[in-house]
Amino acid sequence: MYSPDADGLLAEQLLRLTRRLHRSQKRQLESADIAITPAQSRLLRTVAHYDTPPRMADLAARLEVVPRAVTSLVDGLEASGRVRRVPDPASRRVVRIALTDAGRDTLRQLRTARRAAAEDILAPLTAEQREVLGGLLSALVDGSPEHHC
């Protein structure tokens, strides 16, 4: 029989799994000698999703943070050569953020580290179990009650 305490246990297991995934990814990045914070990697991934270099305000809205936080992240990524500030052709007052070759390379390394961390975490599961888990996680992420498996 299912109890409300089971929801608390599931939440705790999800948190532990997320932490384990982050630790594994961090180890992968450290072994590849990639110095980047989780927030910086999230900003890089966000910039990469745009067809044209986004404005700082676009990034702040997408990341749901204050513009000052984006400025600090961009400063760090610019210092490491992963992004650069470029002028907006339509307005001299607007600054856009563009990925550099080093930024694209870092994104490839991040994807590789994330994939390796996932393989490590998911190793005990069969292909079928991974497919079921993927469907369940999609249902949770999407917030829809329908069955995704």
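Trainee: How much space lies in the largest pocket, and how is such a volume defined?

Mentor: On a 1 Å grid over the protein atoms alone, probed at 1.4 Å, a pocket is an open set of points with protein on both sides within 12 Å along at least five of seven lines. Its points are joined across faces, edges and corners, and its volume is the space filled by probe spheres set on them. Here the largest pocket holds about 700 Å³. This is a predicted model, in which local features need pLDDT of at least 70 and side-chain atom pairs count only at pLDDT 80 or more, while totals for chains, interfaces and linings use all residues. Residues are numbered from 1 along each chain as its sequence is written, and side-chain values use heavy atoms, with hydrogens and water left out.

Trainee: Which residues lie closest to the centre of the largest pocket?

Mentor: Lining residues have an atom within 4 Å of a point. There are 25 of them in the largest pocket, and T18, L21, H22, Q25 and R114 are the closest to its centre.

Trainee: Which element gives the most to that lining, and how do its residues divide by class?

Mentor: Elements are DSSP runs numbered from the N terminus: helices are H or I of at least four residues, strands E of at least two. Helix α1 gives the most to the lining of the largest pocket, nine residues; α1 (4–31), α2 (38–48), α5 (101–122) and α6 (127–142) each supply at least two. For the classes, Ala, Val, Leu, Ile, Met, Phe, Trp, Tyr, Cys and Pro are nonpolar, Asp, Glu, Lys and Arg charged, and the others, Gly among them, polar. The lining comprises 14 nonpolar, six polar and five charged residues.

Trainee: What is the volume of the second largest pocket, and which residues lie nearest its centre?

Mentor: The volume is about 350 Å³. Of the 14 residues lining the second largest pocket, L14, L17, L133, L136 and L137 lie nearest its centre. Two or more lining residues come from each of α1, α5 and α6, and α6 gives the most, with six. By class, eleven are nonpolar, two polar and one charged.

Trainee: Where is E64 found, and is it buried or exposed?

Mentor: Most residues other than glycine have a negative phi. E64, in the loop between α3 (56–63) and α4 (67–79), has a positive phi near 60°. Buried means under 20% relative accessible area, exposed over 50%, and partly exposed in between, with a 1.4 Å probe and protein chains only. E64 is exposed because its relative accessibility is 72%.

Trainee: What does T106 touch?

Mentor: Contact means heavy atoms within 4.5 Å. T106 in helix α5 touches I34, I36, L44 and R82, leaving aside residues up to four places away in sequence. A polar contact is a pair of N or O atoms within 3.5 Å, one able to donate a hydrogen and the other to accept it; residues adjacent in sequence count only if both atoms are side-chain atoms. One of 2.9 Å joins the side chains of T106 and R82. T106 counts as buried because its relative accessibility is 4%.
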